[in-house]
Amino acid sequence: MSLSAWGWNDDFARLGHTSPARVTSEARGFCRIQTESGDRTAATRCDPPPVTGDWVVWDNTGITGVLERRTKISRRKAGRETAEQVLAANVDVLFIVTALDGDFNLRRLERYLIVARQGGVEPLIVLNKADLCPDPLAGLRQVDELVRGLVPVVLTSALDDASTAQLHRYMEPGQTAALVGSSGVGKSTLVNRLLGQQAQPTAAVRESDSRGRHTTSARQLFLLDAGWLLMDTPGLREVEPWGPPEAVDGVFEDIAGFATLCRFRDCRHQDEPDCGVRAAAGQGELPPGRLDSYLKLRGELERLERMRDLSATLEEKRKWKAIHRAMRRMPDKRR
């Protein structure tokens with residue numbers, strides 16, 4: 001099978017590498033890759049290691065390099081470490097899946113939208129499990145108010161072929177979509193429905209909070225009969241965007257618009273006088289909770305930026321200390 005079916009195009013070909021392959025899944029130092037000669041398993045021999053969706057260079061000994069990523073899906077690494085975790089690469093459209101049950105959370109959607117925009121990926125919001133919601137149109141209206149027509153929103157039931165078939169309209173042959181969302185929102189069921197087979201395991205959610213168990217343990221890329229590619233991913237417990245504080249503004253365009261009415265150009269929309277954003281929120285021109293969410297996310301990314309700067313400073317100090325130690329150990333040739 002030609003690699004063009006797996007997303008290889010002129011943009012990657014211009015990089016001038018021979019023997020390219022695409023990573024379709026990865027785990028424990030090994031990757032499944034799609035090559036011109038078919039599906040193979042290859043050991044990872046490069047640092048940083050590839051992720052699902054990467055285009056790589058390989059030989060008989062394994063993967064020796066990762067080609068430049070066109071787009072990526074990443075977040076701050078879970079835990080205390082200040083580091084980026086790349087989850088997937090070379091994704092064209094991010095299917096942000098949320099279920100219209102106990103999992104429905106507008107604030108979480110905002111975080112995923114930042115992740116998509118920051119990685120250069122087009123977002124699409126999938127409101128799943130419409131069949132289990134007494135008033136799915138109410139949830140649709142809330143999300144429409146949130147994105148204000150700037151992001152497409154699709155209402156689906158993963159158990160209905162006609163419903164999931166809507167997703168084909170947003171994809172073209174050779175393009176790659178990735179599914180992200182919490183455990184239990186129906187990502188794997190969507191994959192199985194679009195593939196027309198039981199490729200991914202599924203499990204029921206808890207009745208108390210509609211949360212699911214982690215049935216998907218690795219990111220995996222599938223080629224659909226329609227000609228585009230779909231990546232299933234494990235559910236995420238934490239979504240901490242990775243990027244500068246300004247990344248928030250691209251998702252909160254409504255707040256950015258009202259900010260032009262603030263008296264001060266550097267207004268933080270907290271306790272400054274004549275703040276246009278707070279005035280708009282007080283008059284009901286912003287959805288409830290919208291400003292609080294903006295301030296929280298902006299604060300998170302400002303703290304992240306300070307932590308990154310501090311880590312860079314400490315690393316620089318460690319480097320120079322090592323250099324000075326090495327210089328002191330060198331023999332003095334002047335004697």
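These legends walk through several close-up views of one predicted protein model.

Residues are numbered from 1 along each chain as its sequence is written. Because this is a predicted model, local features need pLDDT of at least 70, side-chain atom pairs count only at pLDDT 80 or more, and totals for chains, interfaces and linings use all residues, while side-chain values use heavy atoms, with hydrogens and water left out.

**View 1. The whole chain.** The C-alpha atoms of the protein chain fill a box of roughly 85 × 60 × 40 Å along the principal axes. The chain has 8 helices and 13 strands; helices (H or I, at least four residues) and strands (E, at least two) are DSSP runs, numbered from the N terminus. Of its 335 residues, 47% are buried, where buried means under 20% relative accessible area, exposed over 50%, and partly exposed in between (1.4 Å probe, protein chains only).

View 2. Average pLDDT for the protein chain is 88, and 92% of the residues score at least 70; pLDDT is the predictor's confidence in each residue, from 0 to 100. Over residues 203-210, though, pLDDT stays under 50. The model has 14 contacts beyond four places in sequence for this stretch, a contact being heavy atoms within 4.5 Å. Where pLDDT is low, the predicted coordinates should not be read in detail.

**View 3. Arg76 and its contacts.** Arg76 sits in strand 6 (residues 72-76) and is buried, at 13% relative accessible area. Beyond its neighbours within four places in sequence, Arg76 touches Glu81, Thr82, Ala83, Glu240, Pro241, Trp242, Leu304 and Met307.

View 4. The disulfide count is 0, taking a disulfide as a pair of cysteine sulfur atoms within 2.5 Å. For Cys275, the nearest cysteine sulfur belongs to Cys267 and is 3.8 Å away. Cys275 is buried, with a relative accessible area of 6%. Cys133 is buried too, at 18%.

**View 5. A nonpolar patch around Trp320.** Trp320, Ile323, Met327 and Met330 make up a nonpolar patch on the surface, with about 420 Å² of accessible area together. Patches are made of residues with over 30% relative accessible area and no salt bridge, with like charges joined within 9 Å and nonpolar side chains (Val, Leu, Ile, Met, Phe, Trp, Tyr) within 5 Å. A salt bridge here is a side-chain nitrogen of Lys or Arg within 4 Å of a carboxyl oxygen of Asp or Glu. Trp320 belongs to helix 8 (residues 290-329) and is partly exposed, at 41% relative accessibility.

**View 6. The cis bond at Pro48.** Asp47 and Pro48 are joined by a cis peptide bond, with omega about 0°. Pro48 is in the loop between strand 3 (38-43) and strand 4 (55-59). Most residues other than glycine have a negative phi, and most peptide bonds are trans.

View 7. Asn90 isn't a glycine, yet its phi is positive, about 55°. Asn90 is in the loop between strand 7 (84-89) and strand 8 (93-99), and at 1% relative accessibility it is buried. Asp274 also has a positive phi, near 55°. Its place is the loop between helix 6 (253-259) and helix 7 (276-282), where Asp274 is partly exposed, at 48%.

Technical notes:
Accessible areas come from the Shrake-Rupley method with a 1.4 Å probe; for residues, only the protein chains shown count as cover.
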